Amino acid sequence: MGSTSTKIKLRTSDQKVFEVEKAVAVQSQTIKYIYENGCPDSVIHVHSVSGDILSKILDYCKKHVNSAAGKEDISPEELYEWDANFVKVDQNTLFDLILAANCLKIESLLDLTCQTVANMIKGKRPEEIRTTFNIKNDYTIEAEEAVRRENKWAFDMLGGVGTMVIEELADDTMSKCVTNTKSRVCVIAANQIVMMRSISKLANKKSIDVYKQPQNPTTPRIKESVKQRNVGTGFIELFFHFKCKM
Amino acid sequence: MNQKTLLYRSDASRFIAFPFSKPDGRDAKTKSSRWSKVSSESSSSPTNDPDFSALPFDILTKIAAPFNFPNLLAASLVCRSWGDALRALREAMVLLRQGKQFKHGRGGVGRNLEKALVSFLKGAARGSTLAMVDAGLIYWERGQKEEAIALYQKAAALGDAAGQCNLGISYLNTQPLNHKEAVKWLHQASVGGHVRAQYQLALCLHQGLGVEQNLQEAVKWYLKAAEGGYVRAMYNASLCYTFGEGLSHSRRQARKWMKRAADRGHGKAQFEHGLALFSEGELLKAIVYLELATRSGEAAATHVKNAILQQLSATSRDLALLLTDNWRALPSSR
């Protein structure tokens, strides 16, 4: 019996027992530690993970072990695709996977799930994030203001950091440009500097988005390439390059 | 004090990371791990709904590590526990901004690379991958390549596309060369949309570095990078169309991409485009591009340009010179 066929038993929180190859199980650093320092013969308890989640996790570990060892003929792109499909699960499962990967210390799975959540957060407003994850807003108005105030400097620093709405940009004119700080904006369209305009504060606009042609309500906001140059305290020249609406 | 600050929704799930009594590496966790010291009465949260607001702080920090400021702020404003978890990262943003000011000499401070590096490293210590990448850049420029690579590795592991791209490029440039790793990281960054990484990946596929030579894939990535505004990719894409490498010949597409590259300042592209215009009889435009190419350093362009100049009248020559002087490159993503 070579060590390659050693099996490890894992018992989950709902009393299911899984028997897996050692190579697959020790993808989890926690299990590896216990196996090497504790009781190799009896069953390892994984209290915090349920049977369904553990079975999914073991699928993941098996796939990655096999592909790394060359047992399965799978290219990096295919593995990447497989991973992408692996995390297309409902939120319950995703949440459980994250916590389980964290406590079992399976680094690649934790990276994968964290990336998934990160992509679900990026580009959204707080309200939208709350809807996506079904989170209740427990901020008081004062507390929320405090967070915004502590970072007020960032609102003043647009360009590459913030986002700008430029609606209805026709070929030679810029009809509306709204921001809540003082900035001068150079809009370059078709290699011609069309307009420089200083922009003053406008109430109630907290974020400003650049829409790229064609504008489609379902596509997410896309930020065009933006270059920024400081031309003195408080003024930033912003160069946008994007196609004009005609 | 506001009573409301104590009413956290604390879940048993927040402490789920310590199922075993054996000590694990968690003791050595970095400063970014902050656990809420407030334990209030645990509300009976429904067992079936995942409570994302109760995600452990270190996981949230990991998720938000590659965020830029707007995303970070939006995430912080979702709910209180997220706001608390991400406080360290917000501090990192302040340090990042400080570092950039020192690096470029903005906002009333003089250019000071050492102070910039210090700020970036502090930001990196708080977990921001953007700070890690910037610190890595400074190390790289100084020649301290190992430190730079270490920082890029940290950033890349957290999913930062720029970190992954830089890591891939550094594996292509340092001894010992490691093409396979480079391609792996470039691929990750490319899939994440990083334009420069897409170009570099295309180069590797084109030349068969670290991966089997695959012209179709290479052209696919050249085109992606070109659409993203990378000038060299536009030039290469044009060449691929001209020679039919990896896709079918298309003079039209080749011309289109060559023109785009030329408009953005690519010397060789300007030369080629000038030649193409000349062959179509557009002498004035051809001269402009050939002159631009000469100024970019293309020696070959000078000969052709002079030959064509003979055919033009003096006023045309002056006009051509005027147009060239007034020409400005279109913006690109380098």
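Student: Why is B:Phe52 called buried?

Tutor: Buried means under 20% relative accessible area, exposed means over 50%, and partly exposed is in between (1.4 Å probe, protein chains only). B:Phe52 has a relative accessible area of 0%, so B:Phe52 is buried. A ground rule before we go on: this is a predicted model, where local features need pLDDT of at least 70, side-chain atom pairs count only at pLDDT 80 or more, and totals for chains, interfaces and linings use all residues. Residues are numbered from 1 along each chain as written, chains are lettered from A and ligands numbered from 1 in the order written, and side-chain values use heavy atoms, without hydrogens and water.

Student: What makes A:Phe133 and B:Phe52 a tilted pair?

Tutor: Rings of Phe, Tyr and Trp (its six-membered ring) pair if their centres lie within 6.5 Å; planes under 30 degrees apart are stacked, over 60 edge-to-face, and the rest tilted. By this rule there are eight aromatic pairs over all chains. For A:Phe133 and B:Phe52 the centres are 4.6 Å apart and the planes are at 50°, so the pair is tilted. The pair crosses between chains: A:Phe133 is in helix H7 (residues 126-133) of chain A, and B:Phe52 is in the segment before helix H1 (57-64) of chain B. Helices (H or I, at least four residues) and strands (E, at least two) are DSSP runs, numbered from the N terminus.

Student: Which residues do ring pairs link into a cluster?

Tutor: A:Phe95, A:Phe133, B:Phe52 and B:Trp82. A:Phe133 has a relative accessible area of 0%, so A:Phe133 is buried.

Student: How do you know that the charged end of B:Lys145 sits over the ring of B:Trp140?

Tutor: The test asks for NZ of Lys or CZ of Arg within 6 Å of the ring centre and within 35 degrees of the ring normal. The charged end of B:Lys145 is 4.7 Å from the centre of the B:Trp140 ring. B:Lys224 likewise lies over the face of B:Trp221, at 4.5 Å from the ring centre.

Student: Why does A:Gln15 count as exposed?

Tutor: A:Gln15 has 56% relative accessibility, so A:Gln15 counts as exposed. A:Gln15 is in the loop between E1 and E2 of chain A. Its phi is near 65°, a positive value in a residue other than glycine. A:Asn134 has a positive phi too, about 60°. A:Asn134 is at 59% relative accessibility, so A:Asn134 counts as exposed.

Student: What joins strand E1 to strand E2 of chain A?

Tutor: Five bridges join E1 (residues 7-12) to E2 (residues 17-21), and the strands run antiparallel. Two strands pair if DSSP finds at least two bridges between them, so these strands pair. A:Lys9 stands opposite A:Glu19 in E2 of chain A.

Student: Is B:Phe120 buried or exposed?

Tutor: At 0% relative accessibility, B:Phe120 counts as buried. B:Phe120 is in helix H5 (residues 113-125) of chain B. Contact means heavy atoms within 4.5 Å. Not counting residues up to four places away in sequence, B:Phe120 touches several residues, including B:Leu96, B:Ala131 and B:Ile138.

Student: Where does pLDDT stay under 50 in chain B?

Tutor: Over residues 1-46. pLDDT is the predictor's confidence in each residue, from 0 to 100. Where pLDDT is low, the predicted coordinates should not be read in detail. The mean pLDDT of chain B is 82, and 85% of its residues reach 70 or more.
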